[in-house]
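Okay, thanks everyone, let's get going.

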Amino acid sequence: MLKEISEEWLCVSERSEDKPDDFDVILDYDSEYIKVRKEDNAAEYLGERAAIHLYENVGGDDTWAKALDDVRIDCDGVDYAGYYTYKETGYPQQDGRTNQILYLRKGAALQIIRYYGTANLKDKMDLFVKEFEED
């Protein structure tokens with residue numbers, strides 16, 4: 001089903017002032033670029049990934065379609081865009097840092113971007129949309 005997958009990852013941390021052996025995560029970024037063999041399967045694959053993130057299960061067609069609807073946002077230049085923020089026990093929601101996921105699909109190509117930090121992924125969408133044009 002998958003034709004190509006590439007991934008980028010970056011984590012920036014600093015030593016904890018309270019516990020010298022621990023590190024505080026300043027930002028954590030992970031981006032997957034995926035090409036699905038058939039465009040018809042791209043929405044379903046993206047929806048299944050969103051359902052896992054949102055509901056912790058894939059379920060049936062209704063579940064993945066609902067997941068895509070639940071996080072849908074407007075974005076020019078792509079066939080689908082979805083975004084949401086979430087709480088994670090591992091990273092504190094402090095100093096304006098949030099956990100975010102951005103889903104993008106154009107044809108059979110997908111991007112899933114996970115980010116923890118102070119920037120807002122919605123403000124950076126044009127950078128990710130541009131990657132589809134360069135492909």
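**The sheet and what packs on it**

So, we have five strands making an open sheet, and the order across it is S1-S2-S5-S4-S3, with antiparallel pairing. Keep in mind that this is a predicted model. At the edges sit strand S1, residues 2-15, and strand S3, residues 80-86, and each of those pairs on one side only. On average, neighbouring strands in this sheet are turned by 10° against each other, direction ignored.

Let's look at one pair. Strand S4, residues 98-106, runs antiparallel to strand S5, residues 109-117, and the two are joined over nine bridges.

Now the helices. Helix H3, residues 125-134, packs on the sheet and touches S2, S4 and S5. The direction of H3 makes about 30° with that of S4. Helix H2, residues 61-71, lies across S3 and S4, at about 80° to S3.

On to the inside. Which residues have the most contacts within the largest nonpolar core? They are Ile-34, Leu-46, Leu-68, Tyr-80, Tyr-103, Leu-110 and Ile-112, in a core of 17 residues. S2, H1, H2, S3, S4 and S5 each give two or more residues to this core, and H1 gives the most, with five.

Take Tyr-80: its contacts include Leu-46, Leu-68 and Tyr-103, and also Arg-72 and Arg-105. Apart from that core lies another one, of 16 residues, with Tyr-33, Cys-75, Leu-104 and Phe-132 among them.

How values were computed
Residues numbered from 1 in each chain as written. Predicted model: local features only at pLDDT ≥ 70, side-chain atom pairs only at ≥ 80, totals over all residues. Heavy atoms only, no water. Pairing = 2+ DSSP bridges. Helix = DSSP H or I, 4+ residues; strand = E, 2+ residues; numbered from the N terminus. Axes fitted to C-alpha atoms, helices over the stretch in contact; angles between N-to-C directions. Contact = heavy atoms within 4.5 Å. Core = buried A, V, L, I, M, F, W, Y, C linked by side-chain atoms within 4.5 Å. Buried < 20%, exposed > 50% of the residue type's maximum accessible area, 1.4 Å probe, protein only. Lists of a residue's contacts leave out its neighbours within four places in sequence.
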